[in-house]
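Welcome! Take a moment with the sequence and the structure below, then read on for a short briefing.

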Amino acid sequence: MFRKAMLVRMLVIVAMISTLSAAFAGPAAAQDEIKLTMTCRCVADGVNSELVGWLLEHVIPTFEEAMAAEGKNVTVELVQFGGSDEQLKEQYALDLGVGGGYDLFSFDGFWVPEFVDAGLLQPLHTVAGDVVDEWEGWGHISEGIQAILGYQGERYGIAAGTDVREIFYRRDLFEEAGIEVPWQPTSWEEILEAGRILKEAGVETPIQINAGTAMGEATTMQGWDMVLLGAGQHMYDFDEGKWNVSSPAILDALNLYKTIYLDEELGDARLQLIADGRDRSFADFASGKIAILVEGDWFWRSAILSQMEEETRNEVVTWAKMPAKEPGAGFRGQDFVTISGGTGWVLNPNTDHPEEAWALLAHMSSQDMQLIWEEILPRINFRDDVPVAGDEVMSAMADELLPLTTVRPMLPDYAKVSYEAQLMTERVVSGEMSPEEAMEAYAEAVTDIVGEDNVIVIPVE
Amino acid sequence: MEKRPGVFSGKVGLTFLTPALFFVAIFLILPFFWIFYLSFTNRTLTGVTAANPQFVGLENYQRLFDFDQWMRYGQFGNALKITFQFVLGSALLGQAVVGLTVAWAFYRRKGLLRETVFTLAVLAWIIPEVVVAFAWSAFLDVDRGTLNTILSAVGLGQPDWLFDYPLLTIIIFNTWRGSAFSILLFSSALETIPPSYVETADVVGASAWRKFRDIIFPLMRGHILTDLILITLWTFNVFTPFLLTGGGPTFRTELVSIYTYRTAFKFFEFGRGGAIAVVMMLINFMLAMGYLIALRRQKAVS
Amino acid sequence: MRNYESTFSKLLLVLFSLACMAFFALPLLWLLTAPFTPMTTLSVEIPDNPTLDNFRTVFKNEFAIRALFRNNLIIAGGAMLSVAAVATLASYGLSRTRIVGRDILVYVLMLFSSVVGGTAAMVPLFLLAYHLKLIDTHVGVILVMTGGLLPAAIFMMRDFVDSIPRSYEEAALVCGAGPFRIFRDIAFPLVRPGVAVVAIWAFVNAWGAFLIPVVMLRSPENMPASVALYSFYSEAGTPVHTLVSAYAFLYGLPVLVLYLLVNWRFGFRFFGGIKS
């Protein structure tokens, strides 16, 4: 008899524990109002805090007013996520996989293909209907920028901006070393030459071009792509629809890394291999240990500002286009090269309010809102009717580099191939493998990922 | 493991176990077999294999043991080798030896010294890992860190710890982080040894080392086994070094836990991630058996 | 001679203790000075003008403060209570009944928990929580964490329980007391130090947890401190040392206080030692 009573007691304990803190998880208020949620990797007074300010002070209030004018009671909640991009991506995939998630997500462009293939995202017009295709904004966004959040000819979201990559250098160090400023190298040799002179003049680490797995996508975009494009090739052959895995251009690119980091020690391989190397390279650039750094425009408009005052930046930091190996030897026969990526916003296909969610996305992406955004943070806008505001350097970068730019292939295997490229550069700059060996290992690994039919091998004579 | 008769009947015992069985069944056994099942599929979180995962048999396991490349940086063999060195260094030679030494040094002693040492050791063990990671990053900083400030003051230079000696550094780090458990366990174990045993040896004038070897160690054999089993298992799964090194430079600190993280979290390959977890579990099981046999044999010899 | 030796060994012990203290304390020194320094660097320096400004700024971050003083307390407190309660009952049951192969059983469960605690488990745990409608709830985090921590907790507990004499319980049984009463009135008071150790261990584990909350929680209102810490990162994704160190200081403090409290009240030790 007592046993039964005891069993009950035990179950009561289980139940008590289970409900113990249930009381704390407040139930969501359910009213007739339409509640939209949006999320981004952004925290007030932390990562991407300007974005929070723009959304909370400008976008959301005006949107709610506009909706009220239409007789709809819509409220928007911004969910600020403070963790890493990878964690955010995992949350998205998990939530979308069970039909949940916020109505609007900030989204990195190159995640789109794998999410679409997994059935987690739907084209915008499937989610919100014809009103999408009728939006005025598309006429002001170039095909290339629309493609940032596109896949196989469909639009999945709207870009929030794009970027370009270039060489940043320290004007003061160049002048001290007796190199004429403004400096615009026209070949790799001229970069190396400047590096040698700077080293002679006592600059600790003249050149830094990203390599290695620790920097992740920053290595692929700011490092490997910039060098490979200069050698005349893209990671992916868009005409053939295949990956370049072994070629003279790849070897040339790897040899440039070898020259900089191993043969002449113009760069410091440590910074490419340790966990916080990218941050350290920013700090070293700011303190004058590094003179030449290949980075994205984000470095100019944001990263360097956490290391030095804006005034100092304008005085000592300047930029140059990244040259091809030799004039005319770059990708598509170009003299100079760059590459663009971008993030944006996507609609959740599971949203209960597709019409309002799209309206919010369109509102954010309108000219009015973007003009305000430019005031807060001048950068290359995705709309051609919104110029870069009040930053001549940014404007110049946009004008000179956007015509030269290319993009990453939008393919679900991209992230894995990109990792292999990072690994290949790491193997060279750490001295683990020769450029030839590293290229062979790369070809092997990429073939394994994408299949033998999807790779191009150009023999090296 | 002596057999004692139960106070209660099996049914009563089972009743006490009910809440535990509830938790274990739903939140442990169920997910475990789920992962076990996933390890035979190509399940990912994104991409085509997220929507339509397929049964791939032993492929995930075979890929781990692809001996052509497996000792290359970033491959499973390399991670396994580093993990074994890490466990040997930080669990066996580190935590267990530090634990025994500290416990033995303070055997039958009380007072401020003991309290301070124990509290500091426990502090290292209990504060959250992100906090620990920050403190150590500052501690190890090449130019301004506490460690190099001290070393250069006594003329020993300023090594870049995480670059030049990454594995050694995380071994010392993990010894620091986890020794408290062994210290506490061994000091409690020592207290159970009747003082008369040691006093007899004192009268004979035996050295501290001989006392330890001939009297203490045989009596503590069981505790040592427990300690080794637990700290080995925990050390195999430790992830905190990732916060210090990210697994680098050039994968020189890529423990299997970090390798799994890369597979499961970066590329979302959960089938493969599950296979790694299952392999690591089996290795742990074999090690535990190994400890058991080694200590049994030792017992038979003495 | 004897006297000399004992002085010598005492000196040796003092030196050894100092070495141990340095080993365990030096890496944490920065956490003691940095939060009170106006311009924090990575070096340990006693500030000329100690300041509480960093803490003031931290306390203005509502998200981070709620994470630490509400969410963390709920999650860690909940996990502590459930692990301690369930493990104590279970180990008592295991200890006082004859169950064949119980040690192997507990060990196998520990092996399972090493798999379920890893990154590979995130998808199953998420889906499980989803089907149980536990996403974005603290209860979900507590339940999942309890499942993972239980085997090791029982492993530690069962020796505390084994080491207490059974004669009282047997006597009480003869007098006709029920099992639950025997447990409550006789066994529990005796194993309380053991419960305290396991409770602290569970609390500490849940207090620092990162992966499970990230997978299972969504709204910022529910996030724990390990996630909120990242709100003190700069635009560029690098930690702002002044604020991070101040927050880390606050984050570490409660576990220290809890330990000191329990150590003073019960003595923090593995009662009788865990046996094989």
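How many nonpolar, polar and charged residues does the lining of the largest cavity have? There are 5 nonpolar, 5 polar and 1 charged residues in that lining. This is a predicted model, in which local features need pLDDT of at least 70 and side-chain atom pairs count only at pLDDT 80 or more, while totals for chains, interfaces and linings use all residues. Residues are numbered from 1 along each chain as its sequence is written, chains are lettered from A and ligands numbered from 1 in the order in which they are written, and side-chain values use heavy atoms, without hydrogens and water.

**Cavities**
- The whole structure holds 3 cavities of 30 Å³ or more, a cavity being a set of points on a 1 Å grid over the protein atoms alone where a 1.4 Å probe fits but cannot get out.
- About 110 Å³ is the volume of the largest cavity, counted as the space filled by probe spheres set on the points.
- Residues that line the largest cavity include Phe110(A), Ile148(A), Arg408(A) and Met410(A); lining residues have an atom within 4 Å of a point.

**Where chain B meets chain C**
- In contact (heavy atoms within 4.5 Å) are 94 residues of chain B and 93 residues of chain C.
- The two chains, B and C, bury about 8700 Å² between them, 82% of it on carbon and sulfur atoms; buried area is the accessible area (1.4 Å probe) lost on being put together, summed over both parts.
- Within chain B, Phe16(B), Phe27(B) and Phe134(B) lose the most area to chain C, together 9% of what that side buries.

Terms used. On a 1 Å grid over the protein atoms alone, a cavity is a set of points where a 1.4 Å probe fits but cannot get out, and a pocket is an open set with protein on both sides within 12 Å along at least five of seven lines; lining residues have an atom within 4 Å of a point. Ala, Val, Leu, Ile, Met, Phe, Trp, Tyr, Cys and Pro count as nonpolar, Asp, Glu, Lys and Arg as charged, and the others, Gly among them, as polar.
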